[in-house]
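Take a look at the model below. This report starts with one residue, then turns to the whole chain and to several local sites.

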Amino acid sequence: MSSLPRRVKSEAKALTSEDDELPSFLNSSSESEEEEEEWEPKSKIAKRPRLPKKNEAKTKKVAAPRSAVARKKVKKAAIKEEMDVSLPIPPAEVNRMQLLEPKEEDVGTKPKTLNQKPEVPKKMEINSFQGKKVKSLENDEEPSTSVPVVGNQVKHEKSEEDFAFDEPPFKKIKSTTCPEGKPVKNLGGNKVKEEFEMNWDIVQALSEITNVESWVCANLIRLFQEENTIPFIARYRKELINNLEADALREVQQTLEELRTVAKKTHTMIQKLKKEGKLSGCLLTALLNCRTLEELDHVSAPYKTGSKGTKAQRAKQLGLEPAALCLLQNPMELNLFSYIRPNTKGLSTIQEVEAGVQHILADIFAKDKDTLDFIRKLCQQRYICIQSALAKVSSKSGNEKDIDKFQLYHEFSCNIKNIQHHQILAINRGENLKILTVKVNIPDGVKNEFCWWCVNERWRPKQFLKPELMRILRNSVEDAYKRLIYPLLCREFRSKLTSDAEKESVMMFGRNLRQLLLTSPVRGRTLMGVDPGYKHGCKLAIISPTSQILHTDVIYLHSGQGFREAEKIKRLLLQYNCSTVVIGNGTACRETEAYFADLIMKKYFAPLDVVYCIVSEAGASIYSVSPEASKEMPDLDPNLRSAVSIARRVQDPLAELVKIEPKHIGVGMYQHDVSQTLLKATLDSVVEECVSFVGVDINICSEILLRHIAGLNANRAKNIIEWREKNGPFINREQLKEVKGLGPKSFQQCAGFIRFNQEYIKTFCSSKKAELGSHALLTKAGAQGKKKSKPTPCASRQPNPLDQTCIHPESYSTAMRFLSFIGGNANDIGKSDMQQKVNAVIQKEGLEGTAKKLNTTVHTLQLIIDGLTQPEGFDIRTDFDKPDFKRSIVCFEDLSVGTVLTGKVENATPFGVFVDIGVGKAGLIPVRNITEAKLSKVKKRRSLGLGPGERVEVKVLNVDIPRLRITLDLIRVL
């Protein structure tokens with residue numbers, strides 16, 4: 001963002017001198033792509049049908065401090081540049097009352113407004129509102145008050161069935177009719193100032209790769225540069241990102257990092273080659289054109305030190321380069337015999353000279369951008385397939401079991417356009433284990449057409465070629481293809497397929513993890529957690545509805561003492577009035593489940609109606625010996641800690657699962673084969689997103705949970721807990737600013753995701769009122785020495801009812817104006833009375849009309865309405881599935897084709913969904929059996945797919961007892 005002030009200055013010049021600006025604008029096309037792209041949108045803006053209407057409105061604003069002449073200048077010359085400066089894309093703040101050009105002018109000058117308060121009075125009626133915004137953090141309401149028109153579209157999207165069949169899941173389809181699309185797409189075309197400049201525009205490259213509009217990409221680059229977190233952007237900056245999902249934001253962020261890595265490595269290579277004196281103009285252009293690490297590697301490989309050089313380099317050292325260039329440029333004057341040196345190796349015979357020239361020509365062809373573009377385009381039109389076969393070595397010496405795992409791929413062939421991601425990962429794993437050999441098969445027709453094109457078009461000599469020289473040219477082209485281009489294409493195809501498959505695997509892991517973390521909590525129950533085992537017994541832990549450990553024990557169910565131990569279990573269940581048993585799915589799970597099912601069927605625990613559920617214990621044993629577990633349960637044996645963890649996973653899955661490193665939760669596919677850095681970054685981001693969107697009660701949540709809130713980290717979470725222990729509970733969000741290390745940026749990112757239980761705070765305030773007054777005075781006296789701008793004790797100690805909602809503090813002023821507009825009271829938040837008042841106003845005025853009156857956007861208004869009408873203690877997880885409680889058990893042998901069962905989705909992969917049907921082995925619903933008609937219409941879906949935790953009704957299609965495989969058909973989602 002360091003470039004912004006410079007841009008602002010350049011715009012100031014643009015305003016003062018129209019004569020200077022216009023020529024440079026018009027002549028810029030020859031100088032740089034940047035201005036070329038900037039100029040184009042102006043015509044698009046001019047075409048907007050609403051322009052005449054806006055011109056009428058212009059007269060209303062003549063009284064504003066800025067002169068009409070200056071406005072015209074802006075309109076003519078600086079529209080596009082000014083848009084580039086602004087972060088908010090959509091055109092204007094004061095919706096339809098103003099003309100398009102002034103809107104953009106205002107948007108453009110907003111960064112100035114952030115720093116210079118005197119410019120605030122520019123808007124007449126909205127001065128006070130705008131002023132508040134300036135004082136608040138970063139962009140405050142700025143983005144939220146920019147696009148009135150988006151309302152229609154957003155509302156429409158919400159009501160749609162949101163299937164995206166041929167799109168990656170969670171991805172929004174490009175909105176072709178987006179009202180703000182026209183002015184904004186042009187903004188996306190502008191270059192964002194990057195640390196390392198390349199020959200391609202990072203915004204356009206990002207847009208092409210991720211299939212996201214360029215204006216959204218431009219905004220996201222700026223938002224990420226300003227260190228905004230994904231949860232914050234996804235919830236509070238929707239109009240800047242066209243309402244994208246968090247998954248799509250994550251993909252854009254990762255792609256952006258990849259492009260920046262390429263740019264950085266390219267510039268490092270350029271500096272290195274410059275230092276070594278190897279950098280030519282041609283090579284510099286080739287390097288700056290590279291978009292991927294594979295391309296960069298291909299271009300820079302011959303110049304790396306340490307190798308003995310390529311064949312072409314050795315030929316050049318022998319002085320054959322002029323001959324090669326002469327063959328292309330001026331073949332009539334070429335005499336290869338003059339290059340023969342009998343005593344020099346490589347030049348001693350005419351054949352050696354010809355070979356040297358051929359190597360140089362092949363190198364030129366293989367490095368040429370047009371030639372590579374042609375062959376790539378040709379490959380896109382032809383049938384390119386990837387083939388795998390059983391390696392000869394492995395068939396003799398390999399492990400039989402491992403070889404059988406890859407049975408599907410012993411004779412496998414598939415078009416690279418149709419191959420599935422899991423197939424690529426399986427082939428790669430087989431190749432790494434030396435069980436499979438893999439090759440990319442490019443048909444001979446591609447080679448023949450490529451060679452003809454090179455000889456007759458791209459590299460056609462400028463004069464007549466003697467037959468012997470034409471033979472050298474043809475051989476050079478064939479050599480270039482066979483030795484240099486074909487291996488490059490194979491590497492590119494394999495690398496692209498692997499990269500895409502890894503990304504999909506990581507995204508799938510992220511989606512499964514999100515579904516697992518957002519499993520609906522089972523509140524208000526006393527639970528018994530059971531960690532099954534044989535020799536060392538089953539570990540028990542009984543926990544209260546508030547997660548306190550009531551009792552721990554060890555019972556030996558599988559060593560002949562089952563009947564005696566049943567008495568102990570019954571006594572404990574009755575003593576603590578516990579009717580829910582949670583069994584971990586590890587060793588001895590099946591036997592433990594059968595034991596409890598048998599006792600339940602016999603009504604052994606009467607009068608209690610006991611039910612049980614199976615829960616994944618992945619990561620429980622790792623957590624039980626971690627420092628966090630030792631700190632949390634210091635007096636408990638590690639084996640018993642895992643039983644506590646298993647019970648808490650049902651009571652509050654999110655709070656418990658964040659304690660475990662996400663990759664140990666085990667709901668992925670080929671997770672050990674993918675980039676661990678990418679996997680960790682994605683999973684940590686998903687955890688942060690889930691914890692933030694659910695929200696945490698600042699006065700009761702654990703330090704571990706706080707760490708995962710957007711904008712916080714381990715240190716800040718620790719400081720918040722220390723502040724809470726020292727000063728008592730937080731009364732409102734403003735007090736977070738008093739915490740050490742929590743600056744304005746961190747506060748902006750985290751504030752909207754932190755909740756306050758109003759009942760608790762009111763009770764606390766009333767009981768400590770007198771004490772609080774004196775304590776507040778002390779706080780003031782002590783704080784003045786440390787920080788200059790502290791809120792007054794009265795202000796900082798007053799509870800704010802809006803703090804229990806998802807409304808961000810930057811929107812509080814709008815929320816209060818909305819409350820007065822509907823005649824509501826902040827103390828009625830979440831009550832039916834509030835819902836009725838909101839509905840009455842929205843039905844009368846409409847969402848857009850209300851937003852217009854409040855000078856805000858539909859997105860912000862919708863968020864405010866959600867915050868005001870959601871009942872106290874609202875939890876987004878209530879829409880997700882609860883654990884599947886059972887009373888009986890089915891055996892593997894009981895299954896027969898046609899049996900209808902209910903089960904719970906355990907894991908989702910690109911090839912199908914694994915469902916736990918209670919027989920100890922998950923069945924697979926192949927992806928072809930999951931159709932739109934079978935999915936629930938009630939539950940809004942972002943993609944055509946099921947996720948962990950969902951309950952389904954299935955029919956058994958096939959049971960393979962030797963291989964322990966069950967194939968299922970989906971009947972419906974429950």
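## An exposed lysine

Lysine 603 is exposed, with a relative accessible area of 64%. Exposed means over 50% relative accessible area, buried means under 20%, and partly exposed lies in between (1.4 Å probe, protein chains only). Lysine 603 sits in the loop between α26 and β8. Its phi is positive, about 55°, although lysine 603 is not a glycine. Most residues other than glycine have a negative phi, and most peptide bonds are trans.

This is a predicted model, where local features need pLDDT of at least 70, side-chain atom pairs count only at pLDDT 80 or more, and totals for chains, interfaces and linings use all residues. Residues are numbered from 1 along each chain as its sequence is written, and side-chain values use heavy atoms, with hydrogens and water left out.

## The whole chain

How many helices and strands does the protein chain have? The count is 41 helices and 15 strands. Helices (H or I, at least four residues) and strands (E, at least two) are DSSP runs, numbered from the N terminus. The protein chain has 974 residues, and 53% of them count as buried.

The protein chain exposes about 45,200 Å². Carbon and sulfur atoms supply 53% of that area. Such areas come from the Shrake-Rupley method with a 1.4 Å probe; for residues, only the protein chains shown count as cover. Now take contacts between residues at least 6 apart in sequence: 71% of them join residues at least 24 apart. A contact means heavy atoms within 4.5 Å.

## The loop between α26 and β8

Back to the loop that holds lysine 603. Proline 607 also has its place there. The peptide bond from alanine 606 to proline 607 is cis, with omega near 10°.

Leucine 608 lies in this loop too, between α26 (589-601) and β8 (611-615). Is leucine 608 buried or exposed? Leucine 608 is buried, because its relative accessible area is 17%. Leaving aside neighbours within four places in sequence, leucine 608 is in contact with Leu573, Leu574, Asn577 and Cys578. Lysine 570 is 38 residues away from leucine 608 along the chain, and their C-alpha atoms are separated by 9.4 Å.

## Two packed helices

Two packed helices are described by the angle between their axes and the distance between the axes. Helix α13 covers residues 246-276, and helix α31 covers residues 676-694. They pack at an angle of about 145°, with their axes 11 Å apart. Axes are lines fitted to C-alpha atoms, for helices over the stretch in contact, and angles run from 0 to 180 degrees between N-to-C directions.

Which residues make the contact? From α13 come Ala246, Arg250 and Gln254. From α31 come Leu678, Thr682, Ser685, Val686 and Glu689. These residues divide into three nonpolar, three polar and two charged. Ala, Val, Leu, Ile, Met, Phe, Trp, Tyr, Cys and Pro count as nonpolar, Asp, Glu, Lys and Arg as charged, and the others, Gly among them, as polar.

## Glutamate 953

Glutamate 953 is in strand β14 (residues 951-960). At 17% relative accessibility, glutamate 953 counts as buried. Its side chain makes a polar contact with the side chain of arginine 972, at 2.6 Å. A polar contact is a pair of N or O atoms within 3.5 Å; within protein, one must be able to donate a hydrogen and the other to accept it, and residues adjacent in sequence count only if both atoms are side-chain atoms. Not counting residues up to four places away in sequence, glutamate 953 touches several residues, including Val900, Leu901, Asp969 and Leu974.

Asparagine 699 is in the loop between β9 (696-697) and α32 (703-707). Asparagine 699 counts as buried, at 9% relative accessibility. Its side chain reaches the backbone nitrogen of phenylalanine 730 at 2.7 Å. Isoleucine 761 is 62 residues from asparagine 699 in sequence, yet 9.3 Å away in space, C-alpha to C-alpha.

Threonine 519 is in the loop between α24 (467-517) and β4 (527-531). Threonine 519 is buried, at 13%. Its side chain reaches the backbone oxygen of leucine 516 at 2.7 Å. Asparagine 855 is in the loop between α40 (847-853) and α41 (858-869). Asparagine 855 is buried at 14%, and has a positive phi of about 55° although it is not a glycine.
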